[in-house]
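I opened a new notebook page for this chain.

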Amino acid sequence: MTKINLIRDALASGPSSNEIVERALHMLRVHLGMDIDFVSEFAGEEIIFHAVDAPGADAFAQKGTRWPVADTYCAHIAAGLLPAMAADTEQDARAQDHPATASLAIRSYVAAPIKHANGSLFGMLCCLSRAPELTLTERDHNTAEMFAVLVQREVRRNQFFAIAGKTDPLHVGDLIDRQGFALYAQPIVDLDSKAVAGYEVLSRFQSDVYAGAEAVFAAAAELGRLAQLEMDIIAAALRTVQDLPEPFYLAVNASPSTVLSSDFNSLFDDIKVSRCVLEITEHHKIDDYASLLEILAPLRAKGLRLAVDDAGIGHSGLHQILRLQPDLIKLDRMMVQGIDADRAKRSMCAAMVHYASETGAILIAEGVETEAERATLLGLGVYHGQGFAFARPGPLGKFITGSAA
(Lines give C-alpha, C1' and ligand atoms only; values in the text may rest on other atoms or scores of the structure.)
Protein backbone atom coordinates (compact mmCIF):
# COMPACT_ATOMS: atom_id res chain seq x y z
CA MET A 1 0.00 0.00 0.00
CA THR A 2 1.39 3.43 -0.99
CA LYS A 3 1.99 6.25 1.47
CA ILE A 4 -0.81 8.28 -0.05
CA ASN A 5 -3.26 5.43 0.46
CA LEU A 6 -2.16 5.01 4.06
CA ILE A 7 -2.76 8.70 4.73
CA ARG A 8 -6.09 8.61 2.94
CA ASP A 9 -7.22 5.57 4.90
CA ALA A 10 -6.19 7.26 8.14
CA LEU A 11 -8.27 10.30 7.26
CA ALA A 12 -11.20 8.74 5.50
CA SER A 13 -12.89 6.91 8.35
CA GLY A 14 -16.22 8.47 7.58
CA PRO A 15 -15.51 12.21 7.24
CA SER A 16 -16.63 14.29 4.28
CA SER A 17 -14.30 15.42 1.52
CA ASN A 18 -14.24 18.85 3.13
CA GLU A 19 -13.07 17.39 6.44
CA ILE A 20 -10.47 15.18 4.77
CA VAL A 21 -8.94 18.17 2.99
CA GLU A 22 -8.94 20.29 6.15
CA ARG A 23 -7.21 17.54 8.15
CA ALA A 24 -4.67 17.01 5.39
CA LEU A 25 -3.84 20.71 5.34
CA HIS A 26 -3.35 20.77 9.10
CA MET A 27 -1.11 17.69 9.03
CA LEU A 28 1.04 19.15 6.25
CA ARG A 29 1.38 22.57 7.86
CA VAL A 30 2.43 21.06 11.19
CA HIS A 31 4.84 18.68 9.47
CA LEU A 32 6.55 21.52 7.60
CA GLY A 33 6.44 23.89 10.56
CA MET A 34 4.90 26.69 8.49
CA ASP A 35 2.37 29.41 9.32
CA ILE A 36 -0.31 29.05 6.65
CA ASP A 37 -1.46 26.53 4.09
CA PHE A 38 -4.42 26.49 1.76
CA VAL A 39 -6.09 24.92 -1.27
CA SER A 40 -6.96 27.35 -4.05
CA GLU A 41 -8.84 27.05 -7.32
CA PHE A 42 -8.13 29.04 -10.46
CA ALA A 43 -11.32 30.81 -11.55
CA GLY A 44 -10.65 33.14 -14.44
CA GLU A 45 -8.49 35.98 -13.21
CA GLU A 46 -9.12 35.16 -9.56
CA ILE A 47 -8.28 32.36 -7.19
CA ILE A 48 -10.79 31.05 -4.68
CA PHE A 49 -9.72 29.64 -1.33
CA HIS A 50 -11.47 26.33 -0.70
CA ALA A 51 -9.73 25.41 2.55
CA VAL A 52 -7.36 27.35 4.80
CA ASP A 53 -5.32 26.31 7.83
CA ALA A 54 -3.85 29.47 9.39
CA PRO A 55 -4.04 29.52 13.21
CA GLY A 56 -3.13 32.96 14.50
CA ALA A 57 -3.38 34.36 10.98
CA ASP A 58 -7.12 34.08 10.51
CA ALA A 59 -7.32 37.39 8.64
CA PHE A 60 -5.28 35.89 5.79
CA ALA A 61 -8.28 34.29 4.06
CA GLN A 62 -11.38 32.19 4.67
CA LYS A 63 -13.29 29.63 2.62
CA GLY A 64 -14.79 31.26 -0.42
CA THR A 65 -12.45 34.27 -0.31
CA ARG A 66 -11.47 35.48 -3.78
CA TRP A 67 -8.16 37.14 -4.56
CA PRO A 68 -6.85 38.50 -7.87
CA VAL A 69 -4.41 36.05 -9.42
CA ALA A 70 -1.83 38.83 -9.65
CA ASP A 71 -1.81 39.18 -5.85
CA THR A 72 -0.79 35.56 -5.26
CA TYR A 73 2.01 33.17 -6.11
CA CYS A 74 -0.33 30.46 -7.42
CA ALA A 75 -0.57 31.19 -11.14
CA HIS A 76 3.06 32.26 -11.35
CA ILE A 77 4.21 28.96 -9.85
CA ALA A 78 1.89 27.02 -12.18
CA ALA A 79 3.32 28.91 -15.17
CA GLY A 80 6.91 28.26 -14.11
CA LEU A 81 7.55 31.94 -13.39
CA LEU A 82 8.32 31.12 -9.74
CA PRO A 83 9.97 27.98 -8.33
CA ALA A 84 7.72 25.44 -6.59
CA MET A 85 9.66 25.90 -3.33
CA ALA A 86 11.70 28.67 -1.74
CA ALA A 87 13.47 28.27 1.60
CA ASP A 88 14.13 32.03 1.72
CA THR A 89 12.44 34.43 -0.71
CA GLU A 90 15.16 37.01 -0.03
CA GLN A 91 17.55 34.69 -1.85
CA ASP A 92 15.34 34.37 -4.95
CA ALA A 93 15.16 37.35 -7.29
CA ARG A 94 11.92 36.19 -8.92
CA ALA A 95 10.15 35.87 -5.58
CA GLN A 96 11.51 39.25 -4.47
CA ASP A 97 9.94 40.88 -7.54
CA HIS A 98 6.50 39.43 -6.83
CA PRO A 99 4.17 41.86 -4.99
CA ALA A 100 2.85 39.13 -2.65
CA THR A 101 6.30 38.69 -1.12
CA ALA A 102 6.16 42.13 0.45
CA SER A 103 2.40 42.51 0.93
CA LEU A 104 2.07 39.18 2.79
CA ALA A 105 5.58 39.20 4.28
CA ILE A 106 6.36 35.77 2.80
CA ARG A 107 9.85 34.44 3.52
CA SER A 108 9.38 30.79 2.50
CA TYR A 109 6.86 28.61 0.70
CA VAL A 110 6.15 25.20 -0.81
CA ALA A 111 3.53 24.58 -3.51
CA ALA A 112 2.14 21.71 -5.57
CA PRO A 113 -0.49 21.60 -8.35
CA ILE A 114 -3.94 20.02 -8.11
CA LYS A 115 -5.41 18.77 -11.39
CA HIS A 116 -8.76 17.65 -12.74
CA ALA A 117 -9.14 14.12 -14.08
CA ASN A 118 -8.68 15.42 -17.66
CA GLY A 119 -5.28 16.86 -16.74
CA SER A 120 -6.32 20.52 -16.66
CA LEU A 121 -5.28 22.58 -13.67
CA PHE A 122 -7.77 22.93 -10.81
CA GLY A 123 -5.58 24.98 -8.48
CA MET A 124 -2.73 24.77 -6.01
CA LEU A 125 -1.87 23.53 -2.56
CA CYS A 126 0.43 26.13 -0.96
CA CYS A 127 2.24 26.42 2.37
CA LEU A 128 3.61 29.80 3.44
CA SER A 129 5.77 31.04 6.28
CA ARG A 130 6.73 34.52 7.44
CA ALA A 131 10.14 33.24 8.46
CA PRO A 132 12.80 31.57 6.31
CA GLU A 133 12.70 27.77 6.51
CA LEU A 134 16.29 26.94 5.65
CA THR A 135 15.82 23.24 6.45
CA LEU A 136 13.36 22.75 3.56
CA THR A 137 14.54 20.05 1.17
CA GLU A 138 13.28 18.32 -1.95
CA ARG A 139 11.82 15.68 0.37
CA ASP A 140 9.54 18.35 1.87
CA HIS A 141 8.39 19.34 -1.59
CA ASN A 142 7.71 15.68 -2.39
CA THR A 143 5.63 15.49 0.78
CA ALA A 144 3.61 18.51 -0.31
CA GLU A 145 3.06 16.88 -3.70
CA MET A 146 1.85 13.72 -1.96
CA PHE A 147 -0.71 15.70 0.04
CA ALA A 148 -1.72 17.52 -3.15
CA VAL A 149 -2.51 14.13 -4.69
CA LEU A 150 -4.73 13.39 -1.70
CA VAL A 151 -6.58 16.68 -2.13
CA GLN A 152 -6.77 16.04 -5.87
CA ARG A 153 -8.55 12.74 -5.26
CA GLU A 154 -11.13 14.49 -3.10
CA VAL A 155 -11.61 17.22 -5.70
CA ARG A 156 -12.26 14.56 -8.34
CA ARG A 157 -14.49 12.53 -6.02
CA ASN A 158 -16.55 15.55 -5.02
CA GLN A 159 -16.06 18.73 -7.02
CA PHE A 160 -17.72 20.78 -4.30
CA PHE A 161 -15.76 19.75 -1.22
CA ALA A 162 -15.43 23.35 -0.02
CA ILE A 163 -18.88 24.51 1.03
CA ALA A 164 -18.21 27.40 3.40
CA GLY A 165 -18.98 25.50 6.58
CA LYS A 166 -21.66 23.20 5.18
CA THR A 167 -21.29 19.50 4.51
CA ASP A 168 -23.95 18.76 1.87
CA PRO A 169 -22.61 18.90 -1.72
CA LEU A 170 -24.22 21.14 -4.29
CA HIS A 171 -26.82 19.35 -6.40
CA VAL A 172 -25.69 20.29 -9.88
CA GLY A 173 -28.79 18.95 -11.59
CA ASP A 174 -30.98 21.24 -9.51
CA LEU A 175 -28.68 24.16 -10.30
CA ILE A 176 -29.11 23.49 -14.01
CA ASP A 177 -32.88 23.01 -13.72
CA ARG A 178 -33.40 26.39 -12.03
CA GLN A 179 -30.80 28.17 -14.19
CA GLY A 180 -28.93 29.27 -11.08
CA PHE A 181 -26.34 31.34 -12.88
CA ALA A 182 -25.53 35.03 -13.25
CA LEU A 183 -24.04 36.62 -16.35
CA TYR A 184 -20.73 38.39 -15.81
CA ALA A 185 -18.46 39.93 -18.40
CA GLN A 186 -14.97 41.30 -18.91
CA PRO A 187 -14.10 43.96 -21.49
CA ILE A 188 -11.82 43.21 -24.46
CA VAL A 189 -9.89 46.37 -25.24
CA ASP A 190 -7.59 48.01 -27.77
CA LEU A 191 -4.19 47.70 -26.08
CA ASP A 192 -3.03 51.05 -27.47
CA SER A 193 -6.01 53.32 -26.72
CA LYS A 194 -7.54 51.06 -24.03
CA ALA A 195 -10.91 51.63 -25.70
CA VAL A 196 -13.41 48.79 -25.30
CA ALA A 197 -14.00 46.64 -28.39
CA GLY A 198 -16.30 43.99 -26.91
CA TYR A 199 -17.19 41.90 -23.90
CA GLU A 200 -16.58 38.24 -23.08
CA VAL A 201 -19.50 36.69 -21.21
CA LEU A 202 -18.58 34.73 -18.07
CA SER A 203 -20.67 32.71 -15.63
CA ARG A 204 -21.11 32.92 -11.88
CA PHE A 205 -23.29 30.36 -10.15
CA GLN A 206 -25.87 31.28 -7.55
CA SER A 207 -26.26 28.99 -4.58
CA ASP A 208 -26.39 28.93 -0.80
CA VAL A 209 -23.01 27.23 -1.13
CA TYR A 210 -19.97 28.21 -3.17
CA ALA A 211 -19.51 26.55 -6.56
CA GLY A 212 -16.63 27.43 -8.86
CA ALA A 213 -17.57 27.77 -12.53
CA GLU A 214 -15.04 25.24 -13.83
CA ALA A 215 -16.24 22.68 -11.29
CA VAL A 216 -19.89 23.26 -12.24
CA PHE A 217 -19.16 22.71 -15.94
CA ALA A 218 -17.11 19.60 -15.15
CA ALA A 219 -19.91 18.16 -13.03
CA ALA A 220 -22.49 19.05 -15.70
CA ALA A 221 -20.42 17.13 -18.24
CA GLU A 222 -20.36 14.08 -15.98
CA LEU A 223 -24.15 14.31 -15.72
CA GLY A 224 -24.47 14.51 -19.49
CA ARG A 225 -26.00 18.00 -19.19
CA LEU A 226 -23.13 20.24 -20.27
CA ALA A 227 -24.82 21.21 -23.55
CA GLN A 228 -28.01 22.20 -21.75
CA LEU A 229 -26.13 24.35 -19.25
CA GLU A 230 -23.98 26.07 -21.86
CA MET A 231 -26.92 26.73 -24.19
CA ASP A 232 -28.99 28.20 -21.35
CA ILE A 233 -26.13 30.59 -20.58
CA ILE A 234 -25.61 31.48 -24.24
CA ALA A 235 -29.35 32.08 -24.77
CA ALA A 236 -29.47 34.41 -21.76
CA ALA A 237 -26.39 36.29 -22.99
CA LEU A 238 -27.69 36.68 -26.54
CA ARG A 239 -30.88 38.28 -25.25
CA THR A 240 -28.73 41.24 -24.20
CA VAL A 241 -27.15 41.83 -27.63
CA GLN A 242 -29.95 44.18 -28.66
CA ASP A 243 -29.14 46.40 -25.66
CA LEU A 244 -25.41 46.56 -26.42
CA PRO A 245 -24.53 49.77 -28.27
CA GLU A 246 -22.61 49.74 -31.54
CA PRO A 247 -19.84 48.88 -32.26
CA PHE A 248 -19.35 46.57 -29.27
CA TYR A 249 -19.60 42.82 -29.71
CA LEU A 250 -20.45 40.01 -27.31
CA ALA A 251 -18.33 36.85 -27.04
CA VAL A 252 -19.90 33.65 -25.68
CA ASN A 253 -18.20 30.35 -24.86
CA ALA A 254 -19.16 26.84 -25.94
CA SER A 255 -17.48 23.47 -25.88
CA PRO A 256 -17.28 21.54 -29.17
CA SER A 257 -19.85 18.99 -27.97
CA THR A 258 -22.36 21.79 -27.35
CA VAL A 259 -21.85 23.26 -30.83
CA LEU A 260 -22.59 19.82 -32.28
CA SER A 261 -25.98 19.73 -30.51
CA SER A 262 -28.96 19.78 -32.86
CA ASP A 263 -30.49 22.90 -31.26
CA PHE A 264 -27.33 24.99 -31.13
CA ASN A 265 -27.80 27.08 -34.29
CA SER A 266 -31.35 28.03 -33.28
CA LEU A 267 -29.90 30.02 -30.37
CA PHE A 268 -28.91 32.68 -32.92
CA ASP A 269 -32.34 33.00 -34.52
CA ASP A 270 -33.52 36.64 -34.56
CA ILE A 271 -30.10 37.77 -33.32
CA LYS A 272 -27.78 40.16 -35.16
CA VAL A 273 -25.13 37.50 -35.58
CA SER A 274 -22.48 39.96 -36.73
CA ARG A 275 -22.43 41.37 -33.19
CA CYS A 276 -21.45 37.97 -31.78
CA VAL A 277 -18.26 35.98 -31.32
CA LEU A 278 -18.27 32.28 -30.48
CA GLU A 279 -15.27 31.15 -28.43
CA ILE A 280 -14.33 27.48 -28.52
CA THR A 281 -11.90 26.57 -25.78
CA GLU A 282 -8.81 24.48 -26.45
CA HIS A 283 -9.41 22.70 -23.14
CA HIS A 284 -12.01 20.57 -24.96
CA LYS A 285 -10.81 18.11 -27.56
CA ILE A 286 -12.44 18.20 -30.97
CA ASP A 287 -12.96 14.76 -32.48
CA ASP A 288 -14.97 15.71 -35.58
CA TYR A 289 -13.77 18.93 -37.22
CA ALA A 290 -15.77 18.34 -40.38
CA SER A 291 -19.13 18.20 -38.57
CA LEU A 292 -18.24 21.18 -36.38
CA LEU A 293 -17.33 23.33 -39.37
CA GLU A 294 -20.46 22.20 -41.24
CA ILE A 295 -22.72 23.27 -38.38
CA LEU A 296 -20.96 26.63 -38.01
CA ALA A 297 -20.88 27.41 -41.75
CA PRO A 298 -24.36 29.03 -42.01
CA LEU A 299 -23.75 31.11 -38.89
CA ARG A 300 -20.36 32.30 -40.11
CA ALA A 301 -21.95 33.16 -43.46
CA LYS A 302 -24.29 35.49 -41.55
CA GLY A 303 -21.36 37.19 -39.84
CA LEU A 304 -20.69 35.14 -36.71
CA ARG A 305 -16.99 35.33 -35.85
CA LEU A 306 -15.19 32.31 -34.43
CA ALA A 307 -12.53 32.50 -31.74
CA VAL A 308 -10.20 29.83 -30.40
CA ASP A 309 -9.87 30.34 -26.65
CA ASP A 310 -6.86 29.51 -24.43
CA ALA A 311 -4.59 29.15 -27.47
CA GLY A 312 -1.25 27.58 -26.68
CA ILE A 313 -2.16 25.24 -23.82
CA GLY A 314 -5.03 23.05 -24.96
CA HIS A 315 -5.53 19.60 -26.40
CA SER A 316 -4.33 20.17 -29.92
CA GLY A 317 -2.35 23.42 -29.97
CA LEU A 318 -1.85 24.88 -33.43
CA HIS A 319 -3.64 21.94 -35.03
CA GLN A 320 -7.00 23.22 -33.79
CA ILE A 321 -6.25 26.74 -35.04
CA LEU A 322 -5.23 25.42 -38.46
CA ARG A 323 -8.37 23.30 -38.79
CA LEU A 324 -10.87 25.90 -37.55
CA GLN A 325 -9.36 28.97 -39.25
CA PRO A 326 -10.74 31.27 -36.53
CA ASP A 327 -11.34 35.00 -36.93
CA LEU A 328 -9.90 35.63 -33.46
CA ILE A 329 -7.17 33.81 -31.54
CA LYS A 330 -7.02 34.32 -27.77
CA LEU A 331 -3.56 33.82 -26.28
CA ASP A 332 -3.80 32.00 -22.99
CA ARG A 333 -2.84 33.96 -19.87
CA MET A 334 0.03 31.56 -19.18
CA MET A 335 1.65 32.79 -22.40
CA VAL A 336 1.01 36.42 -21.47
CA GLN A 337 2.04 36.58 -17.82
CA GLY A 338 5.57 37.93 -17.50
CA ILE A 339 6.05 38.10 -21.27
CA ASP A 340 8.10 41.28 -20.84
CA ALA A 341 10.76 39.26 -18.99
CA ASP A 342 10.52 35.94 -20.88
CA ARG A 343 12.29 35.61 -24.23
CA ALA A 344 10.69 32.25 -25.01
CA LYS A 345 7.18 33.65 -24.54
CA ARG A 346 8.01 36.66 -26.72
CA SER A 347 9.33 34.36 -29.44
CA MET A 348 6.19 32.21 -29.38
CA CYS A 349 3.99 35.29 -29.39
CA ALA A 350 5.87 36.72 -32.36
CA ALA A 351 5.21 33.49 -34.27
CA MET A 352 1.49 33.81 -33.50
CA VAL A 353 1.56 37.44 -34.67
CA HIS A 354 3.06 36.33 -37.98
CA TYR A 355 0.44 33.59 -38.38
CA ALA A 356 -2.36 36.05 -37.61
CA SER A 357 -1.05 38.57 -40.13
CA GLU A 358 -0.91 35.87 -42.82
CA THR A 359 -4.45 34.62 -42.14
CA GLY A 360 -6.18 37.87 -41.21
CA ALA A 361 -6.99 36.72 -37.68
CA ILE A 362 -7.08 39.08 -34.70
CA LEU A 363 -4.91 38.20 -31.70
CA ILE A 364 -6.29 38.88 -28.21
CA ALA A 365 -4.03 38.53 -25.17
CA GLU A 366 -5.77 37.17 -22.08
CA GLY A 367 -4.75 37.96 -18.51
CA VAL A 368 -2.87 41.21 -19.12
CA GLU A 369 -2.01 42.47 -15.65
CA THR A 370 0.84 44.98 -15.94
CA GLU A 371 1.85 47.97 -18.02
CA ALA A 372 5.05 46.15 -18.97
CA GLU A 373 3.04 43.24 -20.40
CA ARG A 374 0.79 45.65 -22.33
CA ALA A 375 3.75 47.55 -23.80
CA THR A 376 5.56 44.33 -24.76
CA LEU A 377 2.50 42.89 -26.47
CA LEU A 378 1.99 46.10 -28.44
CA GLY A 379 5.63 46.02 -29.49
CA LEU A 380 5.18 42.47 -30.75
CA GLY A 381 2.09 43.40 -32.77
CA VAL A 382 -0.71 42.21 -30.47
CA TYR A 383 -3.30 44.98 -30.45
CA HIS A 384 -6.16 43.60 -28.34
CA GLY A 385 -6.35 42.17 -24.84
CA GLN A 386 -8.25 41.73 -21.61
CA GLY A 387 -7.25 41.45 -17.99
CA PHE A 388 -6.99 43.15 -14.62
CA ALA A 389 -4.85 45.90 -16.18
CA PHE A 390 -8.09 47.22 -17.71
CA ALA A 391 -11.07 45.84 -15.78
CA ARG A 392 -12.12 43.02 -13.51
CA PRO A 393 -15.10 40.83 -14.42
CA GLY A 394 -18.43 42.30 -13.34
CA PRO A 395 -22.17 41.86 -13.94
CA LEU A 396 -22.92 41.99 -17.66
CA GLY A 397 -25.85 44.34 -17.14
CA LYS A 398 -23.64 46.97 -15.52
CA PHE A 399 -21.21 46.90 -18.43
CA ILE A 400 -24.03 47.28 -20.94
CA THR A 401 -25.54 50.17 -18.98
CA GLY A 402 -22.13 51.79 -18.68
CA SER A 403 -21.53 51.38 -22.40
CA ALA A 404 -24.89 52.92 -23.20
CA ALA A 405 -24.08 55.88 -20.98
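I started with aspartate 177, which counts as exposed at 53% relative accessibility. For these labels I used under 20% relative accessible area for buried, over 50% for exposed, and partly exposed in between, with a 1.4 Å probe and protein chains only. The model is predicted, so I kept its limits in view: local features need pLDDT of at least 70, side-chain atom pairs count only at pLDDT 80 or more, and totals for chains, interfaces and linings use all residues. Residues are numbered from 1 along each chain as its sequence is written, and side-chain values use heavy atoms, leaving out hydrogens and water.

Which side chain does aspartate 177 meet in a salt bridge? I found arginine 225, at 2.5 Å, N to O. A salt bridge here is a side-chain nitrogen of Lys or Arg within 4 Å of a carboxyl oxygen of Asp or Glu. The pair links distant parts of the chain, 48 residues apart: aspartate 177 is in helix 7, arginine 225 in the loop between helix 8 and helix 9. Helices (H or I, at least four residues) and strands (E, at least two) are DSSP runs, numbered from the N terminus.

Next I checked glutamate 371 and arginine 374. Their closest N and O atoms are 2.7 Å apart in a salt bridge. Both lie in helix 15, three residues apart, about one turn of the helix. Glutamate 371 counts as partly exposed at 44% relative accessibility, while arginine 374 counts as buried at 12%.

I also noted a network of salt bridges linking Glu200, Glu279, Lys330 and Glu366. The structure holds 13 salt bridges.

Then I turned to helix 14, residues 343–359. Which of its residues are buried? I listed Lys345, Cys349, Met352, Val353, Tyr355 and Ala356. Seen down the axis of helix 14, they fall within an arc of 165° (taken from the directions from the helix axis to the C-beta atoms), so they line one face. On the other side, Arg343, Ala344, His354, Ser357 and Glu358 are exposed. The buried residues pack against several elements, including strand 12 and helix 15.

I looked at both ends of helix 14. At its start, a side-chain oxygen of aspartate 342 reaches to within 3.0 Å of the backbone nitrogen of alanine 344. Just after the helix, glycine 360 takes a positive phi of about 80°.

Last, the totals. The chain has 16 helices and 15 strands. Of its 405 residues, 53% count as buried.

Definitions and conventions:
The expected span of a helix is 1.5 Å times one less than its number of residues. Contact means heavy atoms within 4.5 Å. A polar contact is a pair of N or O atoms within 3.5 Å; within protein, one must be able to donate a hydrogen and the other to accept it, and residues adjacent in sequence count only if both atoms are side-chain atoms.
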